[in-house]
Amino acid sequence: MPSWTCEQCGAQFPESAAPPASCPVCEDERQYVNWKGQTWLTREQLTQQHRLVCRDDLGLPGIGIEPRFAIGQRALLVREADGCVMWDCVPMVTGEAVDYVRSLGGLKAIAVSHPHFYGAVADWSEAFGGVPVYLHGDDRAFVTRPHPAIVPWSGDSHRISDDVLLLRTGGHFAGATILHWRAGTNGQGALLTGDIAMVAMDRRSLSFMYSYPNYIPLNATAVRRIANVVAPLAFDRIYGAWWGRNVDGDAKAVFDRSVRRYVAAIAG
Ligand SMILES: [Zn+2]
Ligand SMILES: [Zn+2]
C-alpha cells in the first residue's frame, strides 16, 4: 500500500490504499489547503519528482529538497562524537542523503521544532535503526504518521546530550521547541530556532508569528515567554528555518533587540 505525503505542507501519513480525507496540518488556521484543493503524492512519486540536496549552511551540514516542495523544509545536522542530531526534517529520504549522514558519523536522534517540520521523521528514524524522534507532546494532535520511535517529551526542556538541549518556548505552537547547541559557533553557542523565532530577510532581526502565511502575530505575553526561555542561553549565531536564513554573529544582541522591537510594534 502506498504511503501518502501532503503536497502542500509535506506531512507524511500512514500507508493506506486510498489517500487520507484531509490534512490536519493544512486545515489548521496557521496553514492553508492548496488552492487547487487537497493533493497528495505517494512516496514513490515524491522521490521520482524531487531529490535531496546536502550542503553546508553557515558551517552546519544541511539537507534540503529540490525542486522546492511543500514549505521548503531543510534539516540541519548537529555533529557530536557519537553521531548527529538531526534538527527539523525534510519530507523524504534518499539513499544518497543517508550516505551523507553516515559520512558525518551517522544519526543518533531527531528533534523537530514544530509540526510544519515533522516531514518524514519516521522514515529517517527507520533508516538509522529506529533512532528516537523527539517531538513535544503538546503537539501530538499534529503527528500525522504515528511511529514507535517518536518520543513525545513533556515539560519545558529535554536534554539530548551535554551540549544539546531542547527548550519548549511555545508561541507558534503549544509545543514549539528550539535547540541550544552549547558547543556551536566554536564554543560560543548556537540557537537553532526553525520559525519559532523567525530570522527576517535582513538576517539582522527576528520576528515571532502564530501564523506566517496567514499573518497572525503572537501577543506580547507569548513573545516575552520565548524571551525568558532564551535569556539564560549563550549563543552567537541563530540558524533559522530555511537555507541561508541565519544570523551570523552577535545573535544574542540581535535576539534581544528583536524582542523589544516586536513588543513595541504590537503595543497599543
Ligand atoms: Zn498538509
Ligand atoms: Zn511553522
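**Close-up views of a predicted model**

**View 1. The largest nonpolar core and its most connected residues.** In this predicted model, the largest nonpolar core comprises 78 residues, and those with the most contacts inside it are Ile63, Leu107, Trp124, Phe208 and Phe255. A nonpolar core is here a set of buried Ala, Val, Leu, Ile, Met, Phe, Trp, Tyr and Cys residues joined through side-chain atoms within 4.5 Å, where buried means under 20% relative accessible area, exposed over 50% and partly exposed in between (1.4 Å probe, protein chains only). Helix H5 (residues 220-230) gives the most to this core, with seven residues; helices (H or I, at least four residues) and strands (E, at least two) are DSSP runs, numbered from the N terminus. Apart from this core lies another, of 17 residues, among them Leu60, Leu76, Tyr134 and Val164. Phenylalanine 208 touches Ile196, Ala197, Pro217, Leu218, Val223, Ile226, Phe255, Ser258, Val259 and Tyr262, residues up to four places away in sequence not being counted, and contact means heavy atoms within 4.5 Å.

View 2. Because cysteine 6 belongs to strand S1 (residues 3-6) and cysteine 26 to helix H1 (residues 24-27), the pair ties together parts that are 20 residues apart in sequence. Cysteine 6 is buried, with a relative accessible area of 0%, and cysteine 26 is buried as well, at 2%.

**View 3. Strand S1 and its two antiparallel partners.** Both faces of S1 are covered, with Ser3 and Thr5 on one side and Trp4 and Cys6 on the other all buried. Two bridges join S1 to strand S2 (residues 12-15) in an antiparallel arrangement, two strands being taken as paired if DSSP finds at least two bridges between them. Serine 3 stands opposite glutamate 15 in S2, and the two strands form a hairpin with five residues between them, in whose turn glycine 10 has a positive phi of about 85°. Three bridges join S1 to strand S3 (residues 40-42), again antiparallel, and cysteine 6 stands opposite tryptophan 40 in S3.

**View 4. The site of the zinc ion (ligand 2).** The protein donors of the zinc ion (ligand 2) are His114 (NE2), His116 (ND1), His172 (NE2) and Asp195 (OD), which lie 2.1 to 2.6 Å from it. With angles of 92 to 150° among the four donor atoms, this site is irregular, and in sequence its donor residues are spaced H-x1-H-x55-H-x22-D. Histidine 114 is buried, with a relative accessible area of 1%, and histidine 116 counts as buried at 5%.

**Notes to the views.** Residues are numbered from 1 along each chain as its sequence is written, while chains are lettered from A and ligands numbered from 1 in the order in which they are written. Local features need pLDDT of at least 70 and side-chain atom pairs count only at pLDDT 80 or more, whereas totals for chains, interfaces and linings use all residues; side-chain values use heavy atoms, with hydrogens and water left out.

Conventions:
Donors = N, O, S within 2.8 Å, 3.2 Å for Na, K, Ca; no water. Tetrahedral: all angles 85-135°; square planar, octahedral: opposite > 155°, others 65-115°.
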